[in-house]
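Biologist: I would like to learn how to read the features of a structure. Please take them one at a time, with the general idea before the case.

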Amino acid sequence: MSASARLLSTILVLFLSAPAARAELEDPALGTHVETLDNGLTILALREPTTPVVSFQVWVKAGSRDESRYTGIAHLFEHMMFKGSTNLGPEEHAHYVEERGGRINAFTSKDVTVYFEDVTPDALPLIIDLEAERFGNLVVTEEMLASEREVVLEERRMRTEDRPQGRAFEALLATTFLAHPYRWPVIGWRSDIEQVTVEACQEFFDAYYAPNNLVVAVAGNFELEPTLERIRASFGAMAPASSIPRNPTLEPEQKGERRSVVHFDARAPILAAAWPAPPTGHPDGPALDVASQILSGGRSSRLYRRLIYDEQVALSASSAWWELKDLGILYAFSTVRPGVSVDRVEALFFEEIARMGSEPATPAEIEKAQRRLEASLVRGLSTVHALASRLGRDWVNLGRIRPLDEILAEIQAVTAADVQRVMAEYMKPEKRTVVHVISPPPPSMPEPEATPEPPPEPAAATEGSES
């Protein structure tokens, strides 16, 4: 049985036992080898020989928050990294992976950009060399930029501009954050994507794709020393950046409710709300997670029962604490039932949120929320890809790998008083931002033009005598 399978089995057994009888977990990540090369590259290697797969991930500590002149450039680079380097043509990297039965992809967030391959162990040496090739020898050309620019613009249109949910989330962040770079979308504003230059792309690559800004996380079936030697040989020759620039902007304190209305031709209006929250790793994080579960985790949650089952005014309701490196955000969404006023849904929505800050949650609600969080944590660690992701995410955000028993203990320690306190502290009316996505008003009928009065008849000529 693999480490991830043993972990899943162990925690499922724990779920069936009483909380007081829960044993300490066997955490495979505690055996991670951690190493930093002379050029600053960090290696996190977790060997698990009983699985047939290995996941190799490169975490770049740069996301949309690191953009300065052009928004969307971090995400644009995610695309361009597949378009060729000094020794590889466009899409060759992906071709080599896929012809060996592997999986390759990448994603960009506000804080990081991550590239990964999930392959069989025999392909790992090639994967290491392929990643070192594109990180060390990427070629950025006008032709490449023009091609990927169109791809990204189409992606923006499909995911944001043509979807009411996309419009709502974009407006919510842009209104919640006034100064911090979290305010702009990861995919970027359209005008920036259209105008970004090759020179700006190269500057971004040189600044952030340096080895001292990278974390390599590898988990699965591999031999430790040969793998470490291969990474050292492939990545160790890269020159570090003299400094890694970071955006210094801080978000000012919000001192009043903010509102935004987005007109979009949709049958079901969208209600979105957000509140400033603490960053990832904050001590209040577990209580905020439990509160979000009580609010919208499943059909017995408060928002679901009130809005969808009892009042039948909404089609969906959700809330979450979004952990970000600099500062977090508590957000909530609801899709309004067609024909129902979004104002009515908003009133019920905020009534439930206010009630959680003024009344303690029941013991049954607390326990259910805790178990849902534990189950979600286990499901997210059932593959070597998930294990490698955990290593990279923890190291980038916290500078260490958090033990699972620490995470679970923090979840179990949350009380009804903790939930009531964080709801009252963070989700205040004067701290919230509210967005309505509604259909535009019908065009008003123009006033009929008044019929102009005819000009007066000219006066008749008067005969007179010559003087």
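Biologist: In which helix is Leu 228 found?

Modeller: Helices (H or I, at least four residues) and strands (E, at least two) are DSSP runs, numbered from the N terminus. By that numbering, Leu 228 is found in helix 9. This is a predicted model in which local features need pLDDT of at least 70 and side-chain atom pairs count only at pLDDT 80 or more, while totals for chains, interfaces and linings use all residues. Residues are numbered from 1 along each chain as its sequence is written, and side-chain values use heavy atoms, with hydrogens and water left out.

Biologist: Is Leu 228 buried or exposed?

Modeller: Buried means under 20% relative accessible area, exposed means over 50%, and partly exposed is in between (1.4 Å probe, protein chains only). Leu 228 has 0% relative accessibility, so Leu 228 counts as buried.

Biologist: What is the relative accessible area of Arg 230, and what is the relative accessibility of Asp 129?

Modeller: Arg 230 has a relative accessible area of 34%, so Arg 230 is partly exposed. Asp 129 has 29% relative accessibility and therefore counts as partly exposed.

Biologist: Which side chain meets Glu 131 in a salt bridge?

Modeller: The side chain of Arg 134 meets Glu 131, at 2.8 Å from N to O. Both residues lie in helix 4, 3 residues apart, which is about one turn of the helix. Glu 131 and Arg 134 are both buried. Another salt bridge pairs Arg 259 with Glu 257 at 2.9 Å, N to O. There Arg 259 is partly exposed at 43% relative accessibility, and Glu 257 is partly exposed at 35%.

Biologist: Which residues are linked in a network of salt bridges?

Modeller: Such a network links Arg 306, Glu 311, Arg 344, Glu 351, Glu 352, Arg 355 and Glu 359.

Biologist: How do I read a cavity, and how many cavities of 30 Å³ or more are there?

Modeller: On a 1 Å grid over the protein atoms alone, a cavity is a set of points where a 1.4 Å probe fits but cannot get out, and lining residues have an atom within 4 Å of a point. Grid points are joined across faces, edges and corners, and a volume is the space filled by probe spheres set on the points. The count is 3 cavities of 30 Å³ or more. The largest cavity has a volume of about 50 Å³, and its lining includes Met 81, Phe 82, Glu 91 and Arg 134.

Biologist: How do the residues of the second largest cavity's lining divide?

Modeller: Ala, Val, Leu, Ile, Met, Phe, Trp, Tyr, Cys and Pro count as nonpolar, Asp, Glu, Lys and Arg as charged, and the others, Gly among them, as polar. The lining of the second largest cavity divides into 8 nonpolar, 2 polar and no charged. Among its residues are Ser 292 and Ser 319. Helix 10 gives the largest share of that lining, 4 residues.

Biologist: Where does Ser 319 lie?

Modeller: Ser 319 lies in strand 9. Ser 319 counts as buried because its relative accessibility is 12%. A polar atom of the Ser 319 side chain lies 3.5 Å from the backbone oxygen of Ser 292.

Biologist: What should I make of phi at Glu 91?

Modeller: Most residues other than glycine have a negative phi. Glu 91 has a positive phi near 65°, and its place is in the loop between helix 2 (73–80) and helix 3 (92–98). Gln 312, also not a glycine, has a positive phi of about 55°. Gln 312 is in the loop between helix 11 (302–310) and strand 9.

Methods:
1 Å grid on protein atoms, 1.4 Å probe; cavity = no way out; pocket = protein on both sides within 12 Å on 5 of 7 lines; lining within 4 Å. Salt bridge = Lys/Arg side-chain N within 4 Å of Asp/Glu carboxyl O. Polar contact = N/O pair within 3.5 Å; in protein donor to acceptor, adjacent residues only side chain to side chain.
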